[in-house]
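Take a look at the model below. The report that follows goes through its contacts one by one.

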Amino acid sequence: MKTRKRLRSLGVNMIACLLSLIMLIPIVLILLNSFKTSQAASDMSLALPVGGLHFENYTLVIQKGKLGVTFFNSLLYSSGSVLLCVILSALAAYVLSRNRSRLHRFIYVFIVLGITMPINFVSLMKVMQLTLLQNTRIGIILLYTAIQLPFDVFLIYSFVGKIPRDIDEAAVIDGCTPLRLFYSVVLPLLKPVLVTVMVLTFLNTWNEFVLPLYFLGSSSMWPMTLAVYNFFGMYVTDWNLVSADIVLTVLPVVIVYLLGQKHIVAGMTAGAVKS
Amino acid sequence: MNERKVYPTYFAAGALFLYVILYVFPGIIGIGYAFTDWSVYSKELHYIGFDNFATVFSSNYNYTRYITNTLTFTVVTTVMKNILGIGLALMLTKRIRFLNFHRAVMYVPSVLSALIVGMIFRSILNPKVGLLNVTLRAVGLDGLTMQWLTDSKIAFRSVMAVDIWKGMGYIMTIFIAGIMSISPMYFEAADIDGANSWQRFRYITLPMLSPTLAVTTVLNVIYGLKVFDMVYALTNGGPGYATEVLYTGVYKEFGLGRYAIGTALSSIMFVFMLVVGYFMIRLLTRNEESLA
Amino acid sequence: MNFLKKTLGVALTLILCFVIAGASAGTTITYMASSDWVMDAEMDLGAKFFEETGITVDYQIVPADQYINLLMTKLNAGECTDIFGSQGGRFDIVTQLNVEKNALPLSGEAWASNVDPLAAAELSVNGVLYGQPIQDVSAVWAVAYNKQIFSDLSLSVPTTYAELKTICQTILDSGITPIYECVSDGWHHVLWFPEMGVALEKAEPGLADKLNRNETTFAQSTAALTLVSQIKEMADLGYWGDNYMANTYADATKNIASGEFAMFVANQGFPSEIHVAYPDFPAENIGYFVIPLLDNQILNMNPVGPSRFVYSGSANADAAKQYLAFIAQPENLQYLVDNVPKYNALPYSGLQNRYSDEIKAFYDAYPVHGTVYQTLVKYLNPQWMEIGKELTAMLQGDETAEQVLANIDRNRADQAKAAGDAYWQ
């Protein structure tokens, strides 16, 4: 009985390791090839780089791939939309959840339906031009905010529902204004879900590349993911450089993920798992 | 307490404003264009009624295939991600070594950009020098080597497989949370009754996970119907039209300058998603409404 | 709450920084092109241009299979880069690009009169020049072959399709893949069809005119059906190898240099391209013959190539024109001819060309010249990538040759109707 149990546990451990390996191989593949010469990388194998690690791939990529500028662009767009998403969706979700009048319920469903809505690029471009947002950094930040609001409102809304109303009532009796009640009483309690919103919005914005392709004309405003795409177009044959570029683009995302891992999971649970 | 005063509607105004201007409004004028002959080549717009929709559903074009492909993609990836997600979650809620490492690794692909995953897998799935076929040949399984992304008969399956690879960690994470929230009492009771592990899964875990399952299904269905990045990065709809889905089709029509057809396709999606979305959102919010 | 506050603080600071930094940038012109259109040598010139004028050129290179989609979307939304690259062609620049609206006239530029008249005609509307040729248009798409392999197997240049098949079979039997084809780029395998318009025109004289007047269709042409069927037959017989769907154009030099493949449909710059990338491979080892589908022996000329256009809505039109003028200076054009391996010449007067004896001999071997169909027939070139998809579907066995032609006809008709073409009313 005991040996059987042990064998089984060994089996499960091995399967888990194997599966993790499958998940990791593509990433290892990119990492290895980013240190090879162009010729060695051309067949994209798992062979170890020979003749030393070619760190110059990275310096070359940083220069040619405009990674400095695009990194800051990505950071700007991601943090900008995080900021707006957090403020706007927290405010909206809070009042919509607290006061469920007919109007508010309608507004909530109306906004949350946006989770499923497709984007119409051509008419959106007309609107962006009309509002003078086309080709501006502010424009792309607002756009990222607009398309992510529905999901964020949805996440925060269900979280607000779990905060007891007694707190609000006590604060109102103490003479709190609505804004103050929100800012100093409710907002701190929303912290777990807000962190989740921040991490998810950050990652989504960082990874997106189609919107800038349409709505930003100059490559000096492009984010990192789009720069990789552009780079891929120019250096299709140099997989070592493409790999190095991928590594550098993925790095911030992985770091944010590792730092925010706990919060992502916690937030997903809050939003998605009903107890 | 006066709710209207304490929770003023204008708090929602910012979100509502941005959402309507940049998201809803373009969608609605898009629908308007679907009834015209608007294209790159036309100098003025004419109202042509439902002609564009007739074109979309006519057999002369491949559009119906885009629709069936999208539905296939949605169903297959939803089912597979759910099954694999539950499987992984069950495994990674057991007592095994490096549990947190495994969980973290499984989740990593879902934080990567689909564009980048697409680029990596284009290399891995290259029939001649790609890692997959090279490995298969090295272990003597030459018969299993395939033209993964370039044979129209299997390209779509490859695309779905890569998407499942990328997305299952996310679904797993939700299921892990779901499993952890099941009270251990049930399992203790089952142990006393002498239930085996299959029975425990079938009669306790699965029923208790059904709300979670509803959530992951909704997320997957919405994602599947809107899929674009992954197909675009892996095959761009090819070979031929084999992996074309609605969103890549819409994108392509815009590029070809056939705006009216593009918006007609978009609008079909819009209406369809609205209906599906409404029921999905109802499903998601049902539990909550009963709480309130 | 600290974490929240810190992050928000960082975001605000960043936004402020960018608002300030954005206000103080110098002139930058943007130039969008498909991959393979902007050569390293042109970027060198761009750097020199910056030194002389202080104007930065921002090159935006988009992968070939996406380029037209993106360009058309941008043009039609009234939002494009200062300079954009596009194929020329007297019909397409009107019906597709609508250059009279989207591009600025360049006739007044000092360099305009230096452009080769044949090339200029394809970039002009009513005598007004709108584009500046980027590439060598003297080159033709023909079959480049490895002379060593041919002599080892005692093969001679084919003059008919049957001979081509015999040669391919011999090469295949010797363990070498006869033809390198790269479908994944989406455009290269299309060449076999419109480039052979010269043969279609010979088989059915007046076909192009009739197609343009909507009096006939490709589906009604037996020669066109034969042509498309021959393309499929080559692939089916294994003459393209088993990896043609995934091969890429960028890998062509590597695969021809390695001797794994014997032939490739290429321009005449290809031999020096190989030689530059693989110095062991002498450029003279590549010979040429015209594509012999439909037993063709006519040299398939095309005065149309990728060209630069200045966007009419550009805020930096003067700077953009300055860049075009800079590139068109004779010493800079000569620099391009000398430093871009795939250029033997550029369509401007007063330049030294680099034709090798081998290539001169090839041109001399085919005294009869014809013009390719993407230039002669309306509404064909704009759907180049679509034709690629149709051909791919046929190669995969998802469509028949008849369906391919019918779909090409259908796309032409759709476009003609939308353009308000009188022949399609």
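## Salt bridge between chains C and B

This is a predicted model. Across the interface of chain C and chain B, the rule finds one salt bridge. Its partners are the side chains of C:Lys389 and B:Glu244, with 2.8 Å from N to O. The pair meets the rule because a side-chain nitrogen of Lys must lie within 4 Å of a carboxyl oxygen of Glu.

Polar contacts are found here too. Seven residue pairs are in polar contact across the interface of chain C and chain B, with both residues at pLDDT 80 or more.

## Which parts of chain C touch chain B

Three helices of chain C each supply at least two residues of the side that touches chain B: α3 (64-76), α18 (384-395) and α19 (401-418). The largest share comes from α3(C), with seven residues. By class, this side of chain C has 13 polar, 10 charged and nine nonpolar residues.

## Extent of the C–B contact

How many residues of chain C are in contact with chain B? The number is 32, and they meet 32 residues of chain B. Chain C and chain B bury about 2,600 Å² between them. Carbon and sulfur atoms give 43% of that area.

Three residues stand out on the chain C side. C:Asn69, C:Lys389 and C:Gln396 supply 21% of the area that chain C buries against chain B, more than any other three residues. One of them, C:Lys389, is also the chain C partner in the salt bridge with B:Glu244.

## Two domains in chain C

Chain C is assigned two domains. Domain 1 covers 2-137 + 304-347, and domain 2 covers 142-301 + 359-424. Taken over C-alpha atoms, the centres of the two domains of chain C are 29 Å apart.

In chain C, 15 residues of domain 1 are in contact with 20 residues of domain 2. The area buried between these domains is about 1,300 Å². Carbon and sulfur atoms give 59% of it. On the domain 1 side, C:Phe91, C:Asp92 and C:Pro341 lose the most area to domain 2 of chain C. Together they make up 35% of what that side buries.

## What joins the domains of chain C

How many salt bridges does the rule find across the interface of domain 1 and domain 2 of chain C? The count is zero. For polar contact, the rule finds two residue pairs across this domain interface, both residues at pLDDT 80 or more.

On the domain 1 side, α3 and α4 (92-95) of chain C each supply at least two residues that touch domain 2. The largest share, three residues, comes from α3(C). By class, this side of domain 1 of chain C has five nonpolar, five polar and five charged residues.

## The contact of chains A and B

Chain A brings 99 residues to its contact with chain B, and chain B brings 88. About 8,600 Å² is buried between chain A and chain B. Carbon and sulfur atoms give 77% of this area.

Between chain A and chain B the count is zero salt bridges. The rule does find 13 residue pairs in polar contact across this interface, both residues at pLDDT 80 or more. Helix α1 (residues 2-33) of chain A gives the largest share of the side that touches chain B, 16 residues. By class, that side of chain A has 73 nonpolar, 16 polar and 10 charged residues.

How values were computed: Residues are numbered from 1 along each chain as its sequence is written. Chains are lettered from A and ligands numbered from 1 in the order in which they are written. This is a predicted model: local features need pLDDT of at least 70, side-chain atom pairs count only at pLDDT 80 or more; totals for chains, interfaces and linings use all residues. Side-chain values use heavy atoms; hydrogens and water are left out. Contact means heavy atoms within 4.5 Å. Buried area is the accessible area (1.4 Å probe) that two parts lose on being put together, summed over both. A polar contact is a pair of N or O atoms within 3.5 Å; within protein, one must be able to donate a hydrogen and the other to accept it, and residues adjacent in sequence count only if both atoms are side-chain atoms. Helices (H or I, at least four residues) and strands (E, at least two) are DSSP runs, numbered from the N terminus. Ala, Val, Leu, Ile, Met, Phe, Trp, Tyr, Cys and Pro count as nonpolar, Asp, Glu, Lys and Arg as charged, and the others, Gly among them, as polar. Domain bounds come from an automatic or database domain assignment.
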